[in-house]
Amino acid sequence: MSTNTKLRLKGNGQKKKAGGARSVQAKSDDSIMNTNDSSIVSKRCVSKLYFPDEPDFYEPFVPKFTRRNPLINRGYWLRMHAIEQIVLQFLEEDSRKAKVIVNLGCGYDPLPFQFWHRHAFISQNATFVDVDYPQLIGRKRDLMLTNDLLRDALLKTNLRSSKPPVYSRSDQYMALGCDLRDLETLGRVLEAEFDLASASILFVAEVSVTYIPVPDADAIIRWASTLPDAHFCLLEQYLPQGAEHPFAQTMLSHFDKLQTPIHAVRQHPSLDQQTSRFKNAGWSTVRMSRNLWDLWSDDAFTPPMVRHGLNAVEPFDEWEEFGLFAGHYFLLVASNAQTEKPGGSIIVGRSQMNGSESNTIDIQPLVLKHYAPPARSSLSPRRFGTVFALGGDTVASHGGQGLQSRLASLDVLEREGSGTKIQPCSVTPLQPRICHTVTPVDNEAALLVGGRTSPTNALADCWLIKRGTWQQVHDLSPARFRHSSVGLKFPRDDSDISGVLVFGGKTSDGTVLDECTLWTPSQGWKTIPVEGARPSARFGAAISTMGSAQDWGFLVGGIGPSGTVLEEVWEWHAAAAAHPQLNFIDRTNNIRNNTTNLTVGRIGASLAPFGDSMLLVGGVSKNEIHSLREDFCIISKDPDDTTIHIANPAMALPESTWPLFVGSGVAAVSRDEIVIAGGGAVCFSMGSFWNKGYLTIAAKGKDAQPWTVPVSQLEEAAKPRNPTSHSKANSKQPAKAKRAAGPKYTAVPRVKLQTPEDFGTMIAALEPAIVEGLDIGPCRELWTLEYLKEKIGADREVVIHECDSDRMMFKNKNFRYMKKPFGTFIDGILAGSKSYLRAVSSSQPNKHPTKLEDDFPTIASDFALPELFGFIKERLHSSPLRISGPVALWLHYDVLANILCQIQGSKTLHLYPPSDVRYLSYPPGGSSSNIDVLTSEDPALRHTHPHIASLKPGDVLFIPPMWSHNAMPEEGTSVALNVFFKNLENGYAAGRDVYGNRDLQAYENGRRDVERILKAFKSVSNDMAKFYLDRLAAEIQDRSDEIGNER
């Protein structure tokens, strides 16, 4: 039940055309089967983390454990949970018939073994049937029979001999190798092996038949309905708001790029259409048709204790992105069993339920406008930052997750001609953070509260920004993130109290808060008492004042400790007698909607005053995905009674833009204008979506003044200039601005070598150099892209990196590993595709380094390593071929020395000496940097010593060990060959080193010693431990500096 499913032509799936070329269908089948590799790795991660006491049934198929990120883990957990619940319900039905579970497109999924372990009693009279491609089922059988755990489990079910298409058979299991479209074979084998007239059969298709053309998939569904007692469980993608929704766009593009398009979503995009699909195929009852996000929130399907237990496994805070993923996958269960009533009721999502409707209020039409970022704009893409207004002429965005890392920067929009209240800046005194709040105190000042760096590291610091100056104020304890905040003002005695109210949030240990805290300039933070009822603990709720009021408003949505979106609406009032206090009124039962499916209960929405009402923007609801129009919701209250009106305003929407209002920030700049900035999401494992520019919402007919993007005067002065255009005025820049200009670049020298001894001297110097005038063979003239395509073979499959950006970053993996025909890859980069090939071993890529003569023998003779590089030949490690489109390789270092031979095209490399490593953001144990040196404004880079190497065809660049470097083609495409070699006599780590970047044994040992040192201090207090650890760190740094000075 992995996404590897799927079809094979009758007979041999590896059929070839005349001349030996493999058929298009065979290549498509391979691409589909390859999706199993990713999904089964993810499922093993879920199994190992979330079921640690269970035997590892995935290990035989995935020997190497790879930890996925929490979003992918939780998404796969939900998929696995959904399938398990349906199979369990099927087995629990007392039909007094033999039960058969047929897993269509099973891949390496160990569903039978899991059920025999978890639900042994109820599974003892059931037979599990795995169906998939013959060669995949054959491999699965071999892996099962050579693994003690799986083989012993099969033997207990009376395993007996069998022959294809039945690859394995026992009393409780059968493995059938069969193209899913070969219904003749599928039906014949099932009929021969089972008494179908007296059996109850459940067909399970988890993200499998969607890879089959729709007519073939519909044929399977129709055929299954003809069996006497059949059930069908389908879990796959759908498009709740069409193909133009940002998540849907990203998802469809992802599968298209993998050359495994998902077909059913285009013909049956909605739940209603999927239900009709099954009814039209002969199924008398569709018992369930719901998206996974809806099922996550259903206490009967996913009990609160189960949801809560997941949080103990790993920290999780990707709620909106989890909702987007789960809201685009559905679970449908159909049946033709005679015990079912024909036309039986469907368990549906919220959109098909009745609601309380009202059309009595008059909502003024609104206009949503999108403004693309200006050329060379300083607006940084960011999500889960915060947006705030200072008066009606300045809007600022702070913090959030940027393209490569969390941000501490500040972007600014201002009215034309208004003057700058606050400077945009790339660096602020604050630690980078997300999920914090910045709330205006007045027209010149705003208060920043909390946030987090990670879900287990909430921040307590609070800052007041006033007239562009950041001033730290009292911390708010406990530290929190995803809290709600609102500025308020209310009378007390002869004066007004102004401050910021903070409600709820989440702490580092996962505690969800329900406290109300008030900050005032005179008294700092004070817990404010609540009279009577109060909202339950929650995080990610939205709060705002109503209209022009400053002492009352509404609190809506959020997520509680049970992990589901709360749908309550609370009215709040602030007042002061002897002390400030709050009063809450639950208005949930007073709501009147103007549509049946509109809800204000959301996670991650923004709420802002608008006219005499308030406007709710974005977020993710409890049950389903919003349309663009449903992202906006007007909340108003009748002045004479308690009725709360919820309505979709009439909106004029931009024609070519569908923003994703997740992680975006909203600021009210006047009674009838709102500015929205930032936003976007990680779309599961399928890529990321970023909003660009900014948007405004205004009442129709209101002409707002345009906004501009100012540039920091300091940063503008700091930008490096073209030396030929320097004037006297330029030379008089303030010293501070000059220091901000960044590091000094050094050109890598060009040299000519005559003898091997010359090269030995170069190696000993451990400095990069470009060697000119070498004869590296006819490859310089021959290796055009067309020549390579012809000689290597257009049909040969290669693994490439593919990126949507022009810079690949290893930290956030903004690229995808894809398997493509070499000819398709070449055609793509010729057309401008941001793709990159770093060749790997064609036989065992995870075990052996690549060598040109072994992996590309048809072109190996074109390249000749000059005789003066005899030292390299003696110590050769690998020789990877590198072919690139217009995309930069991330900053990294290699432990082995190497030469880079530029053969076609030109390329520029930035290189940094080993002494710069402390400034380049390398994670512990990693050889790939977390920083993009080409765009980053990190002040640490000012201390680096970059070298620039500009390579043209025929140049050979010597890259010493530990010199960090990136690479960027200058002319669109590049062809180069790396040759790695061992320049040390000893010191390398024992074992496998495929890429030449495994760290030295001493470093690996040292990292283990660090862990032992840390454990040694566990028995003392934290302050004592830190005291001694700081001393040890200083001693190591001093010794390191001494070693560096000895050179």
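Where does Phe 384 lie? Phe 384 sits in the loop between strand 9 (366-371) and strand 10 (386-389). Bear in mind that this is a predicted model, where local features need pLDDT of at least 70, side-chain atom pairs count only at pLDDT 80 or more, and totals for chains, interfaces and linings use all residues. Residues are numbered from 1 along each chain as its sequence is written, and side-chain values use heavy atoms, with hydrogens and water left out. Helices (H or I, at least four residues) and strands (E, at least two) are DSSP runs, numbered from the N terminus.

**Positive phi**

- Phe 384 isn't a glycine, yet its phi is positive, near 60°.
- Phe 384 has a relative accessible area of 12% and is buried; that label means under 20% relative accessible area, with exposed over 50% and partly exposed in between (1.4 Å probe, protein chains only).
- Ser 921 is another residue other than glycine with a positive phi, here near 55°.
- You'll find Ser 921 in the loop between strand 52 (907-912) and strand 53 (947-951).
- Ser 921 comes out as partly exposed, at 35% relative accessibility.

**Cis peptide bonds**

- Pro 164 and Pro 165 are joined by a cis peptide bond, with omega about 10°.
- Pro 165 belongs to the loop between helix 6 (148-155) and strand 3 (166-169).
- As for Pro 478, look in the loop between strand 18 (469-473) and strand 19 (484-492).
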